[in-house]
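Hi,

Here is the structure I promised to pass on.

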Amino acid sequence: MKQIFTILALITLTVLSTNAQTVYTVNSNGNFSASCSNCTFNIAFGVTLTINTAGTCSNCTFNGGTIDIKKNVVCQPCTFSNNTITMNSQSLNPNSGTTSFTNVNMTVKGTGSVSANTPVTITNSVFTFNDNSYFNNNGGLLDLTGSTFNLNDDSYFNANAGPVNLKTSKIFAGNGLLSSHAYVKMNGPALNIYDNTSGIMLANNNNYYYNWNSFNSISNSKTYTTTYPSTASTMNCGGPGQNACGMWSAPTVFGPATFSSNGVAGITSTLAVLLTGFTASSVNNNKVALDWSTQQEINSAYFDIQRSSNGSTWDKIGTVAAKGYASNVSHYSYTDNSALAGVGYYRLKMVGSDGKQAYSEIKTIHASLLKGITCYPNPSVDNVSVSVNGTTGGWSVKLINQSGAVLQSEKAGNNTTMVSMNTQQYPRGMYILKVIAADGTEQTTKLMIAH
């Protein structure tokens, strides 16, 4: 089969030639046209491969690194493993064969979509949809194992084909904001919940689940209907501030609610805190700043700050006291002084004085791998040793004078923590050492050269 590919010079390539497969080793950031056949891309940790030309990838495999999808991609099929994938208002379309995702963190924004016309398997992965993005299943089997879907803002999940299998997996519709209209729509296919750790969660009255068909609990061999009028479809409707029962004359269940192997249940422990903003951002020295606001609070006690390395298992890293009662805007902040290397997830657990709980949306941060640098001796007479802390990929260090000129540059390979530089040829004075990690982040420190 003819191979068609466009790869710019920024990518370092090692090509293994066989008649069936072409293997590319990607060691530096670069661009790639999506049109490729029988191609494998091994992307180094901390390196970003940008797909900047639309096309069809036939029998393509992507291992490791970050993939930034800036143009539409058709997979016939594709295999993704150990990747971070970002996409803004573009589409990834599995169109033949079975496309698989394993250990993948995908974030979709804008009007972006994953639209599958063939089977898809997702294992140990986290997919986060923001804004008006969506996952559309038109291709038959969708199998989620050990995975999480986060539907924030007005994003949604739509299934016109199936079955949709949840195995130790969850779908969250809603991000804790009342302005979110995220939803899950099962337009005919079977939904199978395999165990008591799997299910669908609706955050509030504007998030909903739609299913003409019953959903199945595999663990206890039961089926549950949400067709209107049923106890499920009328449990969060018709009251003050709620949606009308029988809305759209369809089998719609509004939140807050959970769908599990034990059926449908309303969430009675909702907390009267209106969260109007929650942001997470990286700051200097590998810290993460968390800021949030509330528009009103009734009976609130405190906020637990929770962090996760996989988007599924959470640890409490701090607590901030709440105002308790407030009818105006209240602002809060917290700083994580020891951010995780690579990808980290953050959320707020909002707790009332009566023990009731609610959760915020999840924020994703790609923290620097570089935790710190040291140099010795300082002042330096004839040489200096530069050490790094926290980075697992290759890194480099530059010696820079006060005019900004790079006098010397050294590269360190993977798992190398120290390099040495000769300084005896430079005049006495103050200099800068700049260390650049594999993920592109930088740190600097001052160096005195004294003869």
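How many disulfides does the count come to? Keep in mind that this is a predicted model. The count comes to four disulfides. In case the term is new to you, a disulfide is a covalent bond between the sulfur atoms of two cysteines.

Let's start with cysteine 36 and cysteine 39. Their sulfur atoms sit 1.9 Å apart, and the two form a disulfide. The torsion about that S-S bond is -75 degrees, and the link is left-handed. Are these two cysteines buried or exposed? Cysteine 36 has a relative accessible area of 4%, so it is buried. Cysteine 39 comes out at 0%, so it counts as buried too. The cut-off you need here is under 20% for buried.

On to cysteine 57, which is joined to cysteine 60 by a disulfide with an S to S distance of 2.1 Å. The torsion about this S-S bond is about -90 degrees, so the disulfide is left-handed. Cysteine 57 is buried at 1% relative accessibility, and cysteine 60 is buried at 1% as well.

Then there is the disulfide between cysteine 75 and cysteine 78, with 2.2 Å from S to S. This one is left-handed because the torsion about its S-S bond is about -90 degrees. Both cysteine 75 and cysteine 78 are buried.

And how do the bonded cysteines pair up, if you number them in sequence order? The pairing in the protein chain runs 1-2, 3-4, 5-6, 7-8.

One more for your list: cysteine 375 has a relative accessible area of 16%, so it is buried.

Cheers

Definitions and conventions
Residues numbered from 1 in each chain as written. Predicted model: local features only at pLDDT ≥ 70, side-chain atom pairs only at ≥ 80, totals over all residues. Heavy atoms only, no water. Disulfide = S-S within 2.5 Å. Buried < 20%, exposed > 50% of the residue type's maximum accessible area, 1.4 Å probe, protein only.
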